[in-house]
Amino acid sequence: MKFGNQDGTGFGFGSFGAGQTQAPPPDEVEPEETTAETTAQAKRAHRRTKECTELSQRYEYRRAFSEVKLLEAMQYVKLQDHTTYNFITAGDVDSLSYLKVVLNQHDLDYCLLSTWCMAAEDILQVRQWYEQGRIKKLDMYLGEIFPGSYKIEWQMVQKFYQEHPEAGRAAVFKNHSKIYAGCNYDEGFYFGIQTSANINTNPRTEQGSITVDKGLFEFYKDYFDGIRSFEK
């Protein structure tokens with residue numbers, strides 16, 4: 001193997017590389033472009049072959065600037081199966097407001113709620129719904145900060161389940177999700193609520209959605225049923 005100097009004379013590396021297989025001629029080397037194109041073709045083979053002409057679920061969009069406006073916006077809207085209702089709010093709307101929309105139309109045999117934190121008034125409201133028979137069973141999933149940072153609220157939660165052991169359970173874990181999922185078995189009504197808001201009112205813009213779908217309900221219930229609580 002030799003390399004040329006600027007004056008045209010050569011200099012050698014002795015036997016370095018001797019006996020090694022020579023590289024194939026340039027026209028036998030597969031260029032990177034060919035490899036990339038082959039990969040792209042393989043990916044295209046797995047892509048959809050028909051144009052997407054409709055969403056798998058119907059979508060509706062609403063805006064609200066307070067809980068009252070949210071409830072007014074949904075006052076005459078019947079929650080329909082396989083439909084997602086999307087909201088953008090601008091203050092004074094916590095995640096419990098979305099559950100109120102559902103309860104205005106359906107009592108619930110079961111409901112789970114998941115939040116990082118919640119206010120005392122909201123715990124009292126949920127308790128009243130249970131005692132009124134609006135929600136027959138209720139599981140609460142709370143953030144790990146809740147027992148230490150919200151001592152009075154945590155005492156209220158514990159008292160509720162001590163007085164109503166048949167009501168469900170409260171679980172504390174590393175949780176920051178804001179979810180509801182529930183159902184009314186006789187009416188065949190199943191839903192999931194997904195929001196950015198905790199169960200405490202604040203002046204910030206938040207987004208949320210109500211999806212009427214059994215699959216979404218089962219998706220969340222299956223996950224939260226498997227949660228093991230830090231607290232007993």
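This is a predicted model: local features need pLDDT of at least 70, side-chain atom pairs count only at pLDDT 80 or more; totals for chains, interfaces and linings use all residues.
Local features need pLDDT of at least 70 and side-chain atom pairs count only at pLDDT 80 or more, while totals for chains, interfaces and linings use all residues. Residues are numbered from 1 along each chain as its sequence is written, and side-chain values use heavy atoms, with hydrogens and water left out.

The structure holds 12 aromatic pairs. Rings of Phe, Tyr and Trp (its six-membered ring) pair if their centres lie within 6.5 Å; planes under 30 degrees apart count as stacked, over 60 as edge-to-face and the rest as tilted. One of the pairs joins Tyr-110 and Phe-217: the centres are 6.3 Å apart and the planes stand at 75 degrees, so this pair is edge-to-face. Tyr-110 belongs to strand β5 (residues 110–115) and Phe-217 to helix α7 (residues 214–225), 107 residues apart. Helices (H or I, at least four residues) and strands (E, at least two) are DSSP runs, numbered from the N terminus.

Phe-217 also pairs with Tyr-190, with centres 5.5 Å apart and planes at 50 degrees, so this pair is tilted. Because Tyr-190 lies in strand β9 (residues 189–195) and Phe-217 in helix α7, the contact ties together parts that are 27 residues apart in sequence.

Both Tyr-110 and Phe-217 are buried, where buried means under 20% relative accessible area, exposed over 50% and partly exposed in between (1.4 Å probe, protein chains only). Phe-217 has a relative accessible area of 5%, and Tyr-190, at 14%, also counts as buried.

Tyr-110, Tyr-185, Tyr-190 and Phe-217 form one aromatic cluster. Lys-221 lies over the face of Tyr-110, at 5.1 Å from the ring centre; a charge sits over a ring if NZ of Lys or CZ of Arg is within 6 Å of the ring centre and within 35 degrees of the ring normal.
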